[in-house]
Structures are given as C-alpha cells and as structure tokens.
Amino acid sequence: MFDVKIYLEGNKVIGEFIADSYFFDPSKYEYAFYLCQNDQKVKKQLYSKNMNVVFDLDDMSGEFYIRAFVKDLEIGNKRAYNSEKIIKNIGGVSK
C-alpha cells in the first residue's frame, strides 16, 4: 500500500512517499525523511505536509536509502518505510 521511491538527480538524492490506495487522504498526515548512508542516518527533514524530499549529497559516496515516516495527525501514530538502496560512486551511479 505504501512505498518510498529513491533516485539520484545530479548530486541530489530525491525521495518520494507513494501511497497507492484510492482511499488515502494525504492531507491527514505529515511526513519526515532520513537520508541513510551505509546504514547510518546522515541527514533529516522534519515532519511537514511535503510527501517528497531532496537531499544534497555534497561529496558523499556509498550506499544510500531513505527512511520515510508518516504520522497520522488525528491519532498521532507513526509508521516507517524504507526505500530501495542505491549506490553512488565517486565517478557515477549504480543500483
């Protein structure tokens, strides 16, 4: 039902929280994101209404994934989802 997409665009990692349910109402939730490098949290975006995130990679390389959190504003419960992992080498990108 929920998925987190990750992709590289230049020197940026872009993540999107995807809800593939007709009944999902995005306005009832807030979203937060962590950028993880080699299984360590390196950057974060706090809760907001934005269902996507852009992280600058600067000169970082390694294995990356995004951990996305969704918080129900009425109930207050939180759920977390991980994207696939991608690898950014110094000279390019491989999956």
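These are my notebook entries on a predicted model of a protein.

**Confidence**

I looked up the confidence scores before anything else. The protein averages a pLDDT of 90, and 93% of the residues score at least 70. Among its elements, β4 has the highest mean pLDDT, at 97. Strand β9, residues 92–94, has the lowest, at 54.

**Nonpolar core**

Which residues of the largest nonpolar core touch the most other members? I found F17, Y31, F33, L35 and I66, out of 19 residues in that core. I then checked which strands supply this core with at least two residues each: they are β1 (2–9), β2 (12–19), β3 (29–37), β5 (52–56) and β6 (62–72). I noted the general background that nonpolar side chains tend to be buried together in soluble globular proteins.

Leaving out residues up to four places away in sequence, Y31 touches F17, F24, P26, F69 and V70 among others. The list for Y31 also takes in L46, Y47, S48, K49, N50 and M51.

**Strand β5**

I looked at the two faces of β5. V53 and F55 make up the covered face, whereas N52, V54 and D56 lie on the uncovered one. How do β2 and β5 run, parallel or antiparallel? They run antiparallel, and 5 bridges join them. V53, from the covered face, stands opposite G15.

**Aromatic rings**

I searched the whole structure for aromatic pairs and recorded 8. One of them is F24 with Y29, a stacked pair with 4.9 Å centre to centre and 15° between the planes. I looked up the accessibility of both partners. F24 has 13% relative accessibility, so it counts as buried. Y29 also counts as buried because its relative accessibility is 13%.

Which residues do ring pairs link into a cluster? I listed F2, F17, F24, Y29, Y31 and Y81. F17 and Y31 had already come up among the core residues that touch the most other members.

**Charges over rings**

I noted two lysines placed over tyrosine rings. The charged end of K41 sits over the ring of Y34, at 4.4 Å from the ring centre. For K71 the ring is that of Y47, and the distance to the centre is 4.5 Å. Y47 is also one of the residues that Y31 touches.

N38 is not a glycine, yet has a positive phi of about 50°. Is N38 buried or partly exposed? Its relative accessibility is 43%, so N38 counts as partly exposed.

D39 lies in the loop between β3 and β4 as well. D39 has a positive phi of about 70°, again without being a glycine. With a relative accessibility of 46%, D39 therefore counts as partly exposed.

**Hairpin of β6 and β7**

I ended with β6 and strand β7, residues 78–82, which run antiparallel and are joined by 5 bridges. How many residues lie between β6 and β7 in the hairpin they form? I found 5. G76 is in the turn and has a positive phi of about 90°. Across the strands, A68 stands opposite Y81 in β7, and Y81 is also a member of the ring cluster.

Note on methods: Residues numbered from 1 in each chain as written. Predicted model: local features only at pLDDT ≥ 70, side-chain atom pairs only at ≥ 80, totals over all residues. Heavy atoms only, no water. Core = buried A, V, L, I, M, F, W, Y, C linked by side-chain atoms within 4.5 Å. Buried < 20%, exposed > 50% of the residue type's maximum accessible area, 1.4 Å probe, protein only. Helix = DSSP H or I, 4+ residues; strand = E, 2+ residues; numbered from the N terminus. Contact = heavy atoms within 4.5 Å. Pairing = 2+ DSSP bridges. Phe/Tyr/Trp six-rings, centres within 6.5 Å; stacked < 30°, edge-to-face > 60°. Lys NZ or Arg CZ within 6 Å of the ring centre and 35° of its normal. pLDDT = per-residue confidence, 0-100.
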